[in-house]
Amino acid sequence: MILGTLNVEVAECWVASGLSNIEYPAINCRKHSAVLTDFGGVGDGKTSKTKAFQSAISKLSQYASDGGAQLIVPPGKWLTGSFNLTSHFTLFLHKDAILLASQDESEWPQLPVLPSYGRGRDAPSGRFSSLIFGTNLTDVVITGQNGTIDGQGSYWWDKFHKKQLKLTRPYMIEIMYSDQIQISNLTLVNSPSWFVHPIYSSNIIIQGLTILAPVDSPNTDGIDPDSCTNTKIEDCYIVSGDDCVAVKSGWDEYGIKFGKPTHHLIIRRLTCISPDSAMIASGSEMSGGIQDVRAENITAINTESAVRIKTAVGRGAYVKDIFVKGMTLNTMKYVFWMTGSYGSHPDTGFDPKALPNITGINCRDVLAKNVTYSAKLEGISNDPFTGICISNVNIQVSEQKKKLQWNCTDVAGVSSNVTPNPCQLLPEKGKFDCPFPNDTLPIENAQLKTCSFVNVFS
């Protein structure tokens, strides 16, 4: 159904008039539909539409128990501050729609710090709500025809560099304490900080995102699954000033107390450009634990490191059962980088006896060109990183190569068919492949439906 603010139209009537449908894949289709212009304003890129978004979502929330609803953002430039989503709801951006984040701080509500972090990342006190925010939701879709969300982050980056922030910068999309989430087929540019942050949530599909930020922009992580279960990230292209994907689960004593890990994560067909950060990082906030991460068929270009583990004394918990298969790398500082001395604590209350358990890190089938260092693997004294397996790796070093290609301390593991030869702490043990799971995770069984609405815009 096509809903206006004053009447209800049946979709079939539009079809009879000769208009075509716009189709898109989603975890669930919606019985009811509305267009943002039904709730006032035009897409001129100048006038705030925050109230229109809030009014539309409030109106459509009444259909949550009656087949759900979708809000269509039509062609135009739509300036808005933060707004909250609702359950059984789809936000759809037309291919010619640009959602512009307001730079008026009064349009960004303040939120308390995340309980698993204990403080904000930019400032000790609270934080700004994300541009698109939701909490305690079920069945939420944010998608489009590759429509654009522009965080207009330069305003926030400038305040960060000038140390003028009293609250932590907003993220672009954050969904908390929720289940059944889809974020797909969008172009996301210039987030104030992290782009996509699902946290304390489960059953998440992230597909077909193009994420773009200047490579010198601060903390513009691409996708950060944080204390999440059963997540799939596929077919994303990310250019970032920070990690393209950062797997997280809380910070020091706060993450240990909250105790919610990230586990059962799939990453496939990711392309990353990040000269100062990693393609896929675990941590450094990993104090709830990270387990069962599966990455395959991934590409990094002009990126500092491919797979990185970041942790420190005081983090506690674990990073274990990490599986990587099929990496194509070009122009890298490091291929493998593990750091046990990352530092960066929320406060002085961390427990120096809380040592992280880093074990079961498996990487195989890697082709890397123009590499400065093959690996820098630094565990923790009296707490070595163990169970490291690296096989079938061909690293072609650059003209600026360093003499010591494998720098290893406080680590233990094995290797097979690796060039250049690894360090003595990863001895060659004959011909074998490092393990990669053959079982299917539940999120892989999720079937997307073909949904549609009437195209009244062309």
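Predicted model: local features only at pLDDT ≥ 70, side-chain atom pairs only at ≥ 80, totals over all residues.
The ring centres of Tyr171 and Trp194 are 4.6 Å apart and their planes stand at 5°, so the pair is stacked, since planes under 30 degrees apart count as stacked. To see where these two residues belong, follow the chain: Tyr171 is in the loop between helix H3 (154-161) and strand E16 (173-176), while Trp194 is in the loop between strand E17 (179-189) and strand E18 (196-199), so that the pair links distant parts of the chain, 23 residues apart.

Now move to Tyr334 and Trp337, whose ring centres are 4.4 Å apart with planes at 35°, so this pair is tilted; both Tyr334 and Trp337 are buried. In the whole structure there are 15 aromatic pairs, and if you select Trp108, Phe128, Tyr155 and Trp156 together, you will find a cluster linked by ring pairs.

Two arginines are the next stop. Select Arg121 with Trp251, and you will see Arg121 over the face of the Trp251 ring, 4.2 Å from the ring centre; then select Arg169 with Phe160, where the charged end of Arg169 sits over the ring, at 4.3 Å from its centre.

Finally, select helix H2 (residues 50-60), in which Thr50, Ala52, Phe53, Ala56, Ile57 and Leu60 are buried. Turn the view until you look down the axis of H2: its buried residues fall within an arc of 165°, and therefore they line one face of the helix.

Methods
Residues numbered from 1 in each chain as written. Heavy atoms only, no water. Buried < 20%, exposed > 50% of the residue type's maximum accessible area, 1.4 Å probe, protein only. Helix = DSSP H or I, 4+ residues; strand = E, 2+ residues; numbered from the N terminus. Arc of directions from axis to C-beta. Phe/Tyr/Trp six-rings, centres within 6.5 Å; stacked < 30°, edge-to-face > 60°. Lys NZ or Arg CZ within 6 Å of the ring centre and 35° of its normal.
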